[in-house]
Amino acid sequence: TGGSDGDEVAEIRGSTSRTAPGGRCKSVSPPPFQTFLDRHRDAVYRFLVFSVGPDDADDCLQETFTAALRAYPRLEDGSNLRAWVLTIAHHLLIDERRARSRRPSEVPLPEDAEIEAADDPVAVVELSEATERVLAELADLPDLQRQVITLRWVGGLSLADVAGILNCRVGAVKAAQHRGVETLRARLAGVSPAFDLTLATS
């Protein structure tokens with residue numbers, strides 16, 4: 001991961017803004033870091049559990065919010081912070097897969113910043129037998145389908161946000177979403193997954 005975090009965050013900084021009527025870009029000031037962390041920690045943790053499994057999710061959570069803390073003072077727009085922090089998590093996962101042995105240099109967090117996954121991780125992701133089955137089937141999907149489904153249903157992002165994170169067209173996201181969901185529905189017949197597999201359009 002190393003020094004690439006700042007560049008990645010700089011690239012997505014402008015993509016988090018909303019467009020106001022008349023085509024103007026409407027910016028929202030980011031909240032204090034602890035407020036941001038409290039609002040999005042559980043969503044990021046769920047995303048990581050479904051991406052790398054529960055054993056590695058805690059370490060990845062620490063790395064994600066350490067990178068977010070490093071970039072936060074330069075963040076100008078806070079209108080779409082979930083997409084912003086999940087983009088950081090996504091890039092960190094890519095780096096981890098490329099070089100498992102490397103870790104980012106540690107950045108001290110504020111003393112009052114609490115980034116534990118949860119007092120009770122089961123409250124965030126219930127790793128039931130059904131959920132374990134979903135994790136296994138997700139891991140078996142092609143990369144794009146797995147990433148789209150994880151970002152859409154677990155991360156709760158829009159098609160446009162997912163397309164931005166994965167650097168592809170919305171049409172490609174829709175196609176991957178459709179194929180992946182149909183595959184999971186067929187493989188998980190009779191299993192109640194931890195998230196709804198109903199196709200969305202936004």
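How many aromatic pairs does a search of the whole structure find? The search finds six, where rings of Phe, Tyr and Trp (its six-membered ring) pair if their centres lie within 6.5 Å.

The model is predicted, so local features need pLDDT of at least 70 and side-chain atom pairs count only at pLDDT 80 or more, while totals for chains, interfaces and linings use all residues. Residues are numbered from 1 along each chain as its sequence is written, and side-chain values use heavy atoms, with hydrogens and water left out.

Select Phe-36 and Trp-84. Their rings form an edge-to-face pair, 5.7 Å centre to centre with 65 degrees between the planes; planes over 60 degrees apart count as edge-to-face, under 30 as stacked and the rest as tilted. Phe-36 lies in helix α2 and Trp-84 in helix α4, so the pair ties together parts that are 48 residues apart in sequence. Helices here are DSSP runs (H or I, at least four residues), numbered from the N terminus. Both residues are buried, meaning under 20% relative accessible area with a 1.4 Å probe, protein chains only.

**The nonpolar core**

Next, display the largest nonpolar core, which has 48 residues. Such a core is a set of buried Ala, Val, Leu, Ile, Met, Phe, Trp, Tyr and Cys residues joined through side-chain atoms within 4.5 Å. Phe-33, Phe-36, Phe-47, Leu-48, Phe-65, Trp-84 and Leu-151 touch the most other members. Among the helices that each supply at least two residues of this core are α2 (33-52), α3 (54-71), α4 (81-98) and α9 (170-187).

**Thr-64**

Move to Thr-64 in helix α3. Is this residue buried or exposed? Thr-64 is buried, with a relative accessible area of 0%. Leaving aside neighbours within four places in sequence, Thr-64 is in contact (heavy atoms within 4.5 Å) with Val-44, Leu-48, Val-85, Ile-88, Ala-89 and Leu-92.

**Helices α4 and α8**

Select α4 and α8, which pack at an angle of about 35 degrees with their axes 10 Å apart. The axes are lines fitted to C-alpha atoms over the stretch in contact, and angles run from 0 to 180 degrees between N-to-C directions. Ala-83, Leu-86, Thr-87 and His-90 of α4 make the contact with Asp-161, Ile-165 and Leu-166 of α8.

**Helix α6**

Finish at α6, where Ala-130, Thr-131, Val-134, Leu-135, Glu-137 and Leu-138 are buried. Their cover includes α2, α3, α7 and α9.

How values were computed:
Buried < 20%, exposed > 50% of the residue type's maximum accessible area, 1.4 Å probe, protein only.
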